[in-house]
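Here is a friendly walk through a two-chain model, from the interface to a few side-chain pairs. Please keep the structure open as you read.

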Amino acid sequence: MTAAPSWQPSALEVERRRYRRSRAVRSAAVSGASTVLVVGVVLTLLVTSPGWPRVRETFLSWDKAVAAFPAVVEGLWLNIRVMLVCGVLIALLGLTLAVMRTVRGPVAFPLRLFATVYVDLFRGLPLLLVIFVLGFGAPALRLSGLPSSALFWGACALVLSYSAYVAEVFRAGIESVHPSQRAAARSLGLSYGQTMRHVVLPQAVRRVVPPLMNDLVSLQKDSGLIAVLGVIDAIRAAQIETATDFNFTPYVVAGALFVCLTIPMARLTDHVARKQGFHGAGGVL
Amino acid sequence: MSGAGDPVLVLEEVRKSFGATEVLRGVDLTVHEGQVVVLIGASGSGKSTLLRCVDLLEVVDDGRIRLDGEDVTDPRVDADAVRARMGVVFQAYNLFPHLSVLDNVTLAPVRVHGVAAGDAKERAMAMLERVGLPEKASARPDDLSGGQQQRVAIARALVNQPRLMLLDEVTSALDPELVGEVLDLLRELKDEGMTMVLNTHEMGFARQVADTVCFLHGGVVHEQGPPGQVLGDPRQERTRQFLSRVHA
Ligand SMILES: Nc1ncnc2c1ncn2[C@@H]1O[C@H](COP(=O)(O)OP(=O)(O)OP(=O)(O)O)[C@@H](O)[C@H]1O
Ligand SMILES: [Mg+2]
């Protein structure tokens, strides 16, 4: 807030501002001091513990970290690509399923039934199981025209599983749009499809962006699960590095890199949610 | 009675229930070209339901609705095309919050009536000018006052050059000064020959714009006639009771 130039703040307001400023300085000092204290205590406990030298050697070896870094980063690049491609496919499939579930009328019954069964099935199945079944089963079918690579089928499993969750998020968004919005659109002569496309979906999607971002962060980590099929992602790369000398530092490197990827996405989610707050929930979230 | 024109809208024995609640029990109503019909009646008497049935937002349980002679309650009729011929202004405005004021107004011309984007924009701006809000074209509906939203909703309905306007309590959320503004707008529309059906709780408003006032009670049109007669000297006892409570 900037003071408008048209008036001089009164003595009362000047005093209030001085008080607020002094409070701000004080709380910053308190939070700084307490953070330093807590971190200091934790570090001291850690470093003085009897097993510390060994742990430091096997988990936090600088030389090992430097050596493993290129391989882990290369694996991580695969995770990122899988996340991006799957993310787009999941959004499309999830939205399609959600729309199928909300179509009314008897003609659309098969669509509703299919979408409902699909969501029930894939939300119930553990992701790891889907990855195993598709990753080892599907290539064995030797379907012509489809690749038999573990990466392809692992990514398929991610898309199939995640779409079920994302479909439910989209459906919640669609149902949160008030029926009067549909009535207004229909009263203007818009068809069911036009109403969905121009009035309901734009509002629904905006509302569910924050929970969807959450699913994206989760997908980024679960993309590592396809390592069970032998695909060399960041975790598998770390594992390979580890196998040579039983030094676990590469796992720490992989973990740190995953966190570094997640943090910007989390901040972006917060930012989107806050921006929405003004129009959706009304106020800062 | 200024019922000189052809009938635009005819309701014959229209019935509508929600579960066990019989809201409309055989409504007969005729609206002629250029006529303004005002529906009055207690809260819950079915005024909004009647308008929603006419706009085919509700399916009638029995009876018939004719628009320019065509039976629009026939299930073989293209309901979207019928709705496109009517303009509705809802009690709660129902503007689209994700679209700017201008886009709210141009949505139907572009998507339903196949007007080119440039022409639609021009027509929409002219319409916003008309309701006194050209400077709000790029604003979001949520950033407007209630009266401004109401006028955008009227512009959105008018821009499609409807055959018939249906207005549900357009003044209920407005302060007296804004009621005057909306009233002036409706009177202008009436002078241009627009056919309108509207419902209201404000008898003064009804008196000023109506050609015919219909008192809805017990699911039927209990009494109808020119405003002077229905509001000033009602023939039916129930109408008298209703008016005395409203005026009290
Ligand atoms: N979708 C619905 N489902 C169930 N009941 C409904 C529905 N819509 C309306 N009703 C009922 O129908 C009756 C008439 O409602 P309606 O909205 O038409 O009244 P109204 O005359 O417009 O009242 P008001 O002056 O308060 O706006 C009420 O009893 C209401 O509860
Ligand atoms: Mg009503």
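Which helices are among what covers the buried residues of H3(B)? The cover includes helix H8 (192-222) of chain A, together with helix H4 (117-130) and helix H5 (146-158) of chain B. Helices here are DSSP runs of H or I with at least four residues and strands are runs of E with at least two, both numbered from the N terminus. Buried means under 20% relative accessible area, exposed means over 50%, and partly exposed lies in between, with a 1.4 Å probe and protein chains only.

First, a word on conventions. This is a predicted model, in which local features need pLDDT of at least 70 and side-chain atom pairs count only at pLDDT 80 or more, while totals for chains, interfaces and linings use all residues. Residues are numbered from 1 along each chain as its sequence is written, chains are lettered from A and ligands numbered from 1 in the order in which they are written, and side-chain values use heavy atoms, with hydrogens and water left out.

**Confidence in chain A**

The pLDDT is the predictor's confidence in each residue, from 0 to 100. Chain A averages 87, and 95% of its residues score at least 70. Contact means heavy atoms within 4.5 Å.

**Where the chains meet**

The size of an interface is often given as the accessible area lost when the parts come together. Between chain B and chain A the buried area is about 1,800 Å², with 60% of it from carbon and sulfur atoms. Buried area is the accessible area (1.4 Å probe) that two parts lose on being put together, summed over both. On the side of chain B, the residues that lose the most area to chain A are B:Phe96, B:His98 and B:Arg111, together 31% of what that side buries.

In terms of contacts, 24 residues of chain B touch 19 residues of chain A. Seven residue pairs, both at pLDDT 80 or more, are in polar contact between the two chains. A polar contact is a pair of N or O atoms within 3.5 Å; within protein, one must be able to donate a hydrogen and the other to accept it, and residues adjacent in sequence count only if both atoms are side-chain atoms. Helix H2 (79-84), strand S6 (86-89) and helix H3 (101-111) of chain B each supply at least two residues of the side that touches chain A.

The rule finds one salt bridge across this interface. The partners are B:Asp80 and A:Arg186, at 3.0 Å from N to O. A salt bridge is a side-chain nitrogen of Lys or Arg within 4 Å of a carboxyl oxygen of Asp or Glu.

**Helix H3 of chain B**

Why is H3(B) largely enclosed by the rest of the structure? Eight of its eleven residues are buried, so the rest of the structure largely encloses this helix. Among the buried ones are B:Val101, B:Leu102, B:Asn104 and B:Pro109.

The whole structure holds 23 salt bridges over all chains.

| Pair | N to O distance |
|---|---|
| B:Arg163 and B:Asp68 | 2.8 Å |
| B:Arg130 and B:Glu188 | 3.1 Å |
| B:Arg240 and B:Glu237 | 4.0 Å |

B:Arg163 forms a salt bridge with B:Asp68. B:Arg163 lies in the loop between H5 and strand S7 (164-168) of chain B and B:Asp68 in the loop between strand S4 (62-67) and strand S5 (70-71), so the pair ties together parts that are 95 residues apart in sequence. B:Arg163 is partly exposed at 28% relative accessible area, and B:Asp68 is partly exposed at 35%.

B:Arg130 and B:Glu188 also meet in a salt bridge. This pair links helix H4 with helix H6 (residues 176-191) of chain B, 58 residues apart.

B:Arg240 and B:Glu237 are three residues apart in helix H9 (residues 237-247) of chain B, which means that about one helical turn separates them.

**A buried valine**

B:Val54 sits in helix H1 (residues 47-54) of chain B and is buried, at 3% relative accessibility. Leaving aside neighbours within four places in sequence, B:Val54 is in contact with B:Leu9, B:Leu11, B:Ile65, B:Met86, B:Leu164 and B:Leu166.
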